[in-house]
Amino acid sequence: MSPEDSFPIQNEAISLMQKDAELAQLLPFEELSQDQAEDILSQASVRRVPANATYFNEGDSAKNFYLLLDGVLRVVQVTEQGEQVVILHVVPGKMFGIAKAFENDTYHATARAASEGVALSWPSEVWDEFIAKYPGFLQATRSAVGERVEEMQEKIVEMATLQVEQRIAHAILRLVRQTGKETEQGIEIDFPLTRQDISEMTGTTLHSVSRYMSKWQKDGIVNSGRRRVVVCRPQDLPV
């Protein structure tokens, strides 16, 4: 199936979602009645995207908005100098592509799958209807916008006040909080992550990231390799 493929949710899938308590927690419809939730779900399509493919690109017309069900995606912008910068990560249960919430007609960043992903997709034409009819949807939208602004402010402060080593440590710990999975070795960041990815997240060079990651690995603080990062002793990262 290509990155652009999507398909409507069938009635059986809606029923399955309603019965699956874990999945239901991802949906921003917890305050709605069953009929209201079914109405919103009936207007959605399922979008499956392989790793490294995009849901949409910076500058594209904002034709859809999304709710991530599975996988992790990177929100990426390209600077005037042509450098790629990772603005933030989106994890399951979070909305993205919400250009309408910012009154934009185009996407101001690229949403690229860091791992194979599945999302619900709605046409932007229904945004105003959902906002007007469903308070739970409005609340979820406000929450998503607030989280984006808070994370961006946090990163701006880090860029302005922290040394490179601290910025890298903060970025890794942020991913631990968002996607961390307990293993025997420590807490694993639960999607493929390279040193180049970390460089693009922190506005620093690949050389600097490699130097500090190698140092932390030697000290037993992290264990990285094959696009995986495990934080063995998060308390020892230099924040």
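**Exercises on salt bridges and a cavity**

Glutamate 188 and arginine 228 form a salt bridge in this predicted model, with their closest N and O atoms 3.8 Å apart.

**Exercise 1.** Work out which parts of the chain the pair of glutamate 188 and arginine 228 links, and classify each residue as buried or partly exposed.

*Solution.* Step 1: glutamate 188 is in strand β11 (residues 187-189) and arginine 228 in strand β13 (residues 228-231), so the pair links distant parts of the chain, 40 residues apart. Step 2: buried means under 20% relative accessible area. Glutamate 188 has 14% and is therefore buried. Arginine 228, with 32%, is partly exposed.

**Exercise 2.** Find where the largest cavity lies relative to domain 1 (3-154) and domain 2 (162-236).

*Solution.* Step 1: the largest cavity holds about 110 Å³ of space. Step 2: 15 residues line the largest cavity, and Lys155, Glu158, Ala171, Arg174 and Met201 lie nearest its centre. Step 3: helix α6 gives the largest share of this lining, five residues. Step 4: both domains give residues to the lining, so the largest cavity lies between them.

Terms used:
Residues are numbered from 1 along each chain as its sequence is written. This is a predicted model: local features need pLDDT of at least 70, side-chain atom pairs count only at pLDDT 80 or more; totals for chains, interfaces and linings use all residues. Side-chain values use heavy atoms; hydrogens and water are left out. On a 1 Å grid over the protein atoms alone, a cavity is a set of points where a 1.4 Å probe fits but cannot get out, and a pocket is an open set with protein on both sides within 12 Å along at least five of seven lines; lining residues have an atom within 4 Å of a point. Grid points are joined across faces, edges and corners, and a volume is the space filled by probe spheres set on the points. Helices (H or I, at least four residues) and strands (E, at least two) are DSSP runs, numbered from the N terminus. Domain bounds come from an automatic or database domain assignment. A salt bridge is a side-chain nitrogen of Lys or Arg within 4 Å of a carboxyl oxygen of Asp or Glu. Buried means under 20% relative accessible area, exposed over 50%, partly exposed in between (1.4 Å probe, protein chains only).
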